[in-house]
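Thanks, everyone; today I would like to walk through the pockets of one model and the ligand that goes with it.

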Amino acid sequence: MELNDLIVYARGAFRRYDDARVGLLTHGLNYGTGCFEGIRGYWNEEDQELYLLHLREHYDRLAISAKILLMALPHTTDELIDITVELCARNGFKHNVYIRPVAFKSAEDIGVRLHGVSEALTIVAVPYEGYFAAAEGLRTCVSSWRRAEDTIAPARAKITGNYVNSALAKSDAQRSGFDEAILLSHDGHVSEGSAENIFLVKGGVLYTPDPAQNILEGVTRRCVISLAQRELGMTVVERAIDRSELYGADEIFFTGTAVGIVPVGSVDHRQVGSGARGPVTRSLAEMYDRIVNGREPAYRGWLTPTYEAQRVPVA
Ligand code: PMP
């Protein structure tokens, strides 16, 4: 697929990808002064429908990220939901997609700051399949890069510039032969993966770092907590987790919009459980898969249908 075949949303209108370029001096490009979201859409062949997952939660989080950057989004969450649905319908997608809204400081001038800089919002949606090739047990390592503290850069905001932290950790891990990095906070507690939240199962209890561990408070994380409690009747504990607790876990998995729910097979060369996907990870991942594909009527509220809402027949 050629990028220029895509219809994107930029400067308040739907345009061709190539008609929505940004200039070299764009503030957000030079200083990382932007915030973004990653949203997924799942194509259901049987229903001939593209289900967009958790639009409201993502756009509410974007609004908070924007507020932290002293930005005012040009649209409300409801408007952004409508624009995103229309964007997908205009592209006529009949496959899974990844949607990337970005709000950024758009002024083309020199001078790092947040105030008094013009802003822009773009939304691009692209065909997308999986994030990790390995569905069975990722090889992970604890990174020597620490997760940036909230006192350094707001951890709970999805800020473009913050992702240099993730990129450093991810490339180090992959160049050392691992699939993914696990970052610790400055005080040595487990924070998260480079672009995923982390959970561990020990003695039938689900543990995950609490929001004070400099995590990005993931939309998928919140869903997994509620599925584990409601559907599996599990106790879920949000607390500080030590590195060595990872080594003794029965199961570990990552959660995120891009990755879904993916098992960790080893940490620092120590096998987790059997090394393959454990029973809790399997139950949650299978449940999540059915829900996001529109096969669980009780969870239809997580999804926004693209074509039904638009009443646009699929070409
Ligand atoms: N942490 C980081 C650093 C991320 O980039 C992501 C992906 N957005 C997550 C966690 C998971 O968040 P979500 O479930 O909202 O995708």
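Let me begin with what I mean by a pocket: on a 1 Å grid over the protein atoms alone, a pocket is an open set of points with protein on both sides within 12 Å along at least five of seven lines, and its lining residues have an atom within 4 Å of a point. This is a predicted model, in which local features need pLDDT of at least 70 and side-chain atom pairs count only at pLDDT 80 or more, while totals for chains, interfaces and linings use all residues. Residues are numbered from 1 along each chain as its sequence is written, and side-chain values use heavy atoms, with hydrogens and water left out.

The largest pocket is lined by 17 residues, and those nearest its centre are Val22, Arg100, Val102, Phe104 and Thr122. Two or more lining residues come from each of α1 (27–31), β3 (34–36), β6 (97–105) and β7 (119–127), and β6 gives the most, with three residues; helices (H or I, at least four residues) and strands (E, at least two) are DSSP runs, numbered from the N terminus. The volume of this pocket is about 530 Å³, a volume being the space filled by probe spheres set on the points, which are joined across faces, edges and corners.

Turning to the ligand's own surroundings, 16 residues surround it, the closest being Arg61, Tyr163, Val219, Thr220 and Thr257, where near means having a heavy atom within 4 Å. Both α5 (219–230) and β14 (251–256) supply at least two residues of this shell.

Which distances separate polar side-chain atoms from ligand oxygen atoms? For Arg61 the distance is 2.9 Å, for Thr220 it is 2.6 Å, and for Thr257 it is 2.5 Å. Taken alone, the ligand exposes 380 Å², of which the protein buries 96%, with accessible areas from the Shrake-Rupley method and a 1.4 Å probe.

How values were computed
Polar contact = N/O pair within 3.5 Å; in protein donor to acceptor, adjacent residues only side chain to side chain. 1 Å grid on protein atoms, 1.4 Å probe; cavity = no way out; pocket = protein on both sides within 12 Å on 5 of 7 lines; lining within 4 Å.
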